[in-house]
Amino acid sequence: MSNRTLSRRDFLKLASVTILTACGLLGLKGLFRFLNTQTEPLPPTEFELGPASNYPPGSRTVLPDIPALLMHAESGFLAIGLVCTHLGCTVEGKPDGFVCPCHGSRFDPQGNVTRGPASKPLRYLRVEVTSLNDLRIYTN
Amino acid sequence: MRRYFLLVASFSLLLGLLITAWQENRQPKAISLTPTLTGQVEYCLTCHADLAEISTSHPVNTFGCVLCHGGERLSLDANLAHSTMRGGKNPSDFSVVQASCGGDNCHSGTAGNFRNHIQRATTSIQATYAGAIANIRYTFGVQPDLKARMGIFDIREPQSTSGITELAVFNPTQETNLFIQAFGQNCLTCHLSAPPLPKSAYFRFTGCAACHTPTQSPGRMDTEQLQSNQIHKLTISISYTQCDTCHNRGNYNLRTLTFEPRQDLPADRLHDYYQPIGQFTSCEWILDCIDCHTRTEAMGDGNLYSVKKDIQYIQCKTCHGTLTDLPLTITLADPNDLAFRFALLNPVIDIILGDTLLVTEKDEPFWNIRVLPDGTYELFGKADGQRHVFRTVKGSACLQDPARQDSGSCHECHSVER
């Protein structure tokens, strides 16, 4: 039988190496996590709406994620941004136009101000029909 | 010895790393919000997602939290996140209100339509307390008349048309009269920058929130809410109970020059008023204070005043007219009329173009009082939404003297039994 007892020196050495290895692994994990930190994405400025055929002529579609109102008029697609030009609340569609629920600004169906406190009309957004006949809206 | 040192050092390092990892894992999963108005990410909702929207005018998706409250928007550590908040839990305290609520599009606004809310509120007599200070200094011979010279804070208002354009800060320790010193120590408790008295019936915030954040509900107080101060609400629908946190809460003792808060909790408006000799018409105890007293009366009109009666002007005839004249009215013809804004913010009445509303002698619309086709008037309570119908003096059997419109004159016939 061989004498395999661990000397104090070897024990200390082994313990130190084990602990340092654990430290190294933890440190690497932290580094990995740091390097993989996801920065907060900027708000999107392009929105894919799918096939243009989903929005038939005469349709008016509220797109809450943008937020915008997409209209398919005779002249083509139009989109009015539903962000109030006063302080940025989302306006609500009404039969006679749009109303801001925050401070009461009103806009006619074309987005022009009919009652303050907003002083600027609602913004028209660029709508693009892609080569695949899909719709895309740009908010910037 | 060197090996022991290496072992202890490596063990300490491991311990440190483990603690750091544990703390990292304890952090909540961040909930981010990018408000439309600022476009800057903030993580406040990570801990505060359960807070109700503060008002329909300040939706969190538009305003976020930091714009009004301050704080470190990207921190997930509570202490760090809260370290730079303005006004603690109350960003409307007058010491920070300009940074929190100001701005041309917000509550600094313009003098037109009285949208300069902060300027008005901070110069109002409820904020300056100038009347009480002038009164006590005059009473004890320190100043020759009742004209206000001092206020709670130093303020200059060159545009003030009241004849008072500045107030020096009132510092009781610099007063030589002992009674005025005592007044300073004991009686500066009911201006808008003073913390409330300790009793829960008096609990309110300071600054704008003293009135616009409801801490008292009629006949009920939510003690748990009061204790946690978690009242996240702004409203223009202000019940009389909120006014009572300063008014109807006790009386001054002129012998001891102290304020003696009442010991009971007034529940019956008519019978529990603190002055037993007070007389009231039904309007004065059925309606809420803001149903009659206008926004410039309560919040000021931007001028500095000496006493409350210099700014209060509503009289019985404002609503009821005189023997010869009906009350003043305005027919809504402009879609931008301010009345529509109020009716939207506090939808107790549905007014439309063409409606005829009561208006005060200073052209402030009573947007909650409409003239009916039969010549009567309907009033919707701004705080409780209750509908009341009333008539005018003209055509009635009233023996009113138009020149005598103080409350005592009308009380001669119309006060209710107490």
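This talk walks through a predicted model with chains A and B, starting with chain B and ending with the contact between the chains.

Some conventions before the details. Residues are numbered from 1 along each chain as its sequence is written, while chains are lettered from A and ligands numbered from 1 in the order in which they are written. The model is predicted, local features need pLDDT of at least 70, side-chain atom pairs count only at pLDDT 80 or more, and totals for chains, interfaces and linings use all residues.

Chain B, overall. The secondary structure of chain B amounts to 19 helices and ten strands. Helices (H or I, at least four residues) and strands (E, at least two) are DSSP runs, numbered from the N terminus. Along the principal axes, the C-alpha atoms of chain B fill a box of roughly 105 × 60 × 45 Å. Of the 418 residues in chain B, 32% are buried. Buried here is a neighbour count: 20 or more other C-beta atoms within 10 Å of the residue's own, with exposed meaning 12 or fewer, partly exposed in between, and C-beta atoms placed from the backbone.

Next, contacts. Two residues are in contact if their C-beta atoms, placed from the backbone, lie within 7 Å. Among the contacts in chain B with a separation of 6 or more, 54% are between residues 24 or more positions apart.

Chain B is divided into domain 1 (27–85), domain 2 (112–292) and domain 3 (314–414); such bounds come from an automatic or database domain assignment. The centres of domain 1 and domain 3 of chain B, taken over C-alpha atoms, are separated by 42 Å.

One loop position to look at is Gly39(B), between helix H1 (2–26) and helix H2 (45–48) of chain B. Gly39(B) counts as exposed because it has 11 C-beta neighbours inside 10 Å. Gly64(B) is 25 residues away from Gly39(B) along the chain, and their C-alpha atoms are 9.5 Å apart.

Now the strands of chain B. Strands of a sheet pair through backbone hydrogen bonds, either parallel or antiparallel. In what follows, two strands pair if DSSP finds at least two bridges between them. Chain B has an open sheet of three strands in the order E1-E3-E2, with mixed pairing. Its edge strands are E1 (150–151) and E2 (155–156) of chain B, each pairing on one side only. E2(B) and strand E3 (residues 166–169) of chain B run antiparallel and are joined by two bridges. There, Arg156(B) stands opposite Glu166(B) in E3(B).

Further along, three bridges join strand E6 (residues 329–331) to strand E7 (residues 356–359) of chain B, again antiparallel. Thr329(B) has Leu358(B) in E7(B) as its bridge partner. E7(B) also pairs with strand E8 (residues 365–371) of chain B, antiparallel and over three bridges, and Val359(B) is partnered by Pro365(B) in E8(B).

Which residue takes a positive phi in the hairpin of E7(B) and E8(B)? It is Asp363(B), with phi near 65°, and the hairpin has five residues between the strands. Asp363(B) counts as exposed, since it has 9 C-beta neighbours inside 10 Å.

Tyr129(B) also has a positive phi, near 60°, and is a residue other than glycine. Tyr129(B) lies in the loop between helix H8 (125–128) and helix H9 (130–139) of chain B. Is Tyr129(B) buried or exposed? Tyr129(B) is buried, because 25 other C-beta atoms lie within 10 Å.

On to chain A. An open sheet of four strands has the order E5-E6-E7-E8 in chain A, with antiparallel pairing. Strand E5 (92–94) and strand E8 (113–115) of chain A each have a single partner strand, so one side of each is left without a neighbour in the sheet. Two bridges join strand E7 (residues 106–107) of chain A to E8(A), and Phe107(A) has Val113(A) as its bridge partner in E8(A).

Chain A also has cis peptide bonds to look at. One runs from Ile66(A) to Pro67(A), with omega near -15°, and Pro67(A) is in the loop between strand E2 (60–63) and strand E3 (68–73) of chain A. Another joins Gly116(A) and Pro117(A), with omega about 10°; Pro117(A) is in the loop between E8 and strand E9 (124–129) of chain A.

Last, the contact between the chains. It takes 26 residues from chain A and 25 residues from chain B. On the side of chain A that touches chain B, helix H1 (8–35) and E8 of chain A are the elements that give two or more residues. H1(A) gives the most, with eleven residues.
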